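Open the model in your viewer and keep the selection tool ready. We will visit charged pairs, then a pair of packed helices.

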Amino acid sequence: MANFHILTNNPMVKDKYSEFTEFDQNLTVADIFAHSRDSIHLGANLINHPLAGSIKPNQSPYKSLVLSNQKGDLDMTSLKLIEGSIQVLRKFPPLNRKYDESVLEDFQVIDLDLLDSAIDSLPYKYHE
């Protein structure tokens, strides 16, 4: 049993980590950030960085964030990180592009790879 969950709109993440995943393909990156911020306000910790990777947050339609299941006091580090990421996202205008399937699949693979790295580096306490 894991002490974390993944909030994502990436179907590849849902397929690989189904037992840990809250998946909604209709969520935008902004929605993922907002839902994560709400969880942080309820006491969850943000475990991976929302802006990891070299893709600007408005370029990829996919995002996966890892949050602790255990709730505690408001973690100001997590809150500052998600709030800062929301501000960065707002700085970039939305790209209302229509991507073909192969490009969408590439974005899914990139997001999954970043998530795999984050999960591989989780402290043991999150895998108990």
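Buried means under 20% relative accessible area, exposed means over 50%, and partly exposed lies in between (1.4 Å probe, protein chains only). This is a predicted model: local features need pLDDT of at least 70, side-chain atom pairs count only at pLDDT 80 or more, and totals for chains, interfaces and linings use all residues. Residues are numbered from 1 along each chain as its sequence is written, and side-chain values use heavy atoms, leaving out hydrogens and water.

**Stop 1: salt bridges.** A salt bridge is a side-chain nitrogen of Lys or Arg within 4 Å of a carboxyl oxygen of Asp or Glu. That rule gives two salt bridges.

Select Lys14 and Asp15. Their side chains form a salt bridge, 3.8 Å from N to O. Asp15 is exposed, at 59% relative accessibility. Lys14 is partly exposed, at 33%.

Now select Lys16 and Asp116. Their closest N and O atoms are 3.1 Å apart, in a salt bridge. This pair links distant parts of the chain, 100 residues apart: Lys16 is in helix H1 (residues 11-16), Asp116 in helix H4 (residues 101-120). Helices are DSSP runs (H or I, at least four residues), numbered from the N terminus. Is Asp116 buried or exposed? Asp116 is buried, at 14%, while Lys16 is partly exposed, at 45%.

**Stop 2: packed helices.** Select H2 (residues 29-41) and H3 (residues 76-91). They pack at an angle of about 160°, with axes 10 Å apart. Axes are lines fitted to C-alpha atoms over the stretch in contact, and angles run from 0 to 180 degrees between N-to-C directions. H2 and H3 are therefore roughly antiparallel, a label for angles over 145 degrees.

Terms used:
Helices (H or I, at least four residues) and strands (E, at least two) are DSSP runs, numbered from the N terminus. Angles under 35 degrees count as roughly parallel, over 145 as roughly antiparallel, 65 to 115 as roughly perpendicular and the rest as oblique.
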